[in-house]
Amino acid sequence: MTTWNLQQTRCHLLICNGGSCMKRGGEEVTQAIRDEITKLGADKLIHTTRTRCNGRCADACVVIAYPEGVWYKDINPETGRQLVRRHVEGQQLEEQILYSFDRQFIASDRAVEGIAKG
Ligand code: FES
């Protein structure tokens, strides 16, 4: 059991490890993201969590960044590393954004809309 000190945490990356994402390299994405965080000495700034399916399997591999609420699609090990570098700089990986709480569905021209809730 682990209990991290989160006082310096500025970003939380949820890395999808659901079935579809795992079939498309989710383990390699997870390892690349965590390796890049360590390489940059950013372990105190960025916390990561493996998740189950996030309901956007068509966009595998999915990574979600908080507190911004940015959903990334088609993440591979290299774009995962870029994503970490951008977030360390306080930026986002614009090319891979699927959805952002602030900006709504900005990648709708490149993404499956999905099933309406409710
Ligand atoms: S398995 Fe990752 S979104 Fe479904």
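This is a predicted model: local features need pLDDT of at least 70, side-chain atom pairs count only at pLDDT 80 or more; totals for chains, interfaces and linings use all residues.

Reader: Where does Arg56 sit?
Author: Arg56 is in the loop between strand 2 (46–51) and strand 3 (63–66).

Reader: Which side chain does Arg56 make a polar contact with?
Author: Asp59. The two side chains are joined by a polar contact of 2.7 Å.

Reader: Which residues of helix 2 are buried?
Author: Gly26, Val29, Thr30, Ala32, Ile33, Glu36 and Ile37. They cover an arc of only 165° around the axis, so they lie on the same side of helix 2.

Reader: Why would residues three or four places apart point the same way?
Author: Because an α-helix has 3.6 residues a turn.

Reader: What covers the buried residues of helix 2?
Author: The cover includes strand 1, helix 1 (19–23), strand 2, strand 3 and helix 3.

Reader: And what comes just after helix 2?
Author: Gly41, with a positive phi of about 65°.

Reader: OK, helix 3. How many residues, and how far does it reach?
Author: Twelve residues, 77–88. Helix 3 reaches 17 Å from first C-alpha to last, close to the expected 16 Å.

Reader: What caps its N-terminal end?
Author: Asn76. One of its side-chain oxygens lies 3.0 Å from the backbone nitrogen of Glu78. Just after helix 3, Gly90 takes a positive phi of about 80°.

Reader: Which residues of helix 3 are buried, and what do they pack against?
Author: Thr79, Gly80, Arg81, Leu83, Val84 and His87 are buried. The buried residues of helix 3 pack against strand 1 (11–16), helix 2 (26–39), strand 2, strand 3 and strand 4 (70–72).

Reader: There's a proline in helix 3. Which one?
Author: Pro77 is found there. Pro77 is partly exposed, with 33% relative accessible area.

Reader: What does Pro77 touch?
Author: Glu28, Val29 and Ala32, leaving out residues up to four places away in sequence. The C-alpha atoms of Pro77 and Gly26 are 8.7 Å apart, though 51 residues separate them along the chain.

Reader: Now charges. How many salt bridges in the whole structure?
Author: Eight. One of them pairs the side chains of Arg85 and Glu36, at 3.1 Å from N to O. That pair links distant parts of the chain: Arg85 is in helix 3, Glu36 in helix 2, 49 residues apart.

Reader: Which other salt bridge does Arg85 make with Glu78, and at what distance?
Author: The side chains of Glu78 and Arg85 meet at 3.4 Å, N to O. Glu78 is partly exposed, at 41% relative accessibility.

Reader: Which residues are linked in a network of salt bridges?
Author: Asp35, Glu36, Glu78, Arg81 and Arg85.

Reader: Last one. What about Lys73 and Asp74?
Author: Their side chains meet in a salt bridge too, at 3.0 Å from N to O. Lys73 is buried at 6%, and Asp74 is partly exposed at 30%.

Note on methods: Residues are numbered from 1 along each chain as its sequence is written. Side-chain values use heavy atoms; hydrogens and water are left out. Helices (H or I, at least four residues) and strands (E, at least two) are DSSP runs, numbered from the N terminus. A polar contact is a pair of N or O atoms within 3.5 Å; within protein, one must be able to donate a hydrogen and the other to accept it, and residues adjacent in sequence count only if both atoms are side-chain atoms. The expected span of a helix is 1.5 Å times one less than its number of residues. Buried means under 20% relative accessible area, exposed over 50%, partly exposed in between (1.4 Å probe, protein chains only). Contact means heavy atoms within 4.5 Å. The arc is that of the directions from the helix axis to the C-beta atoms. A salt bridge is a side-chain nitrogen of Lys or Arg within 4 Å of a carboxyl oxygen of Asp or Glu.
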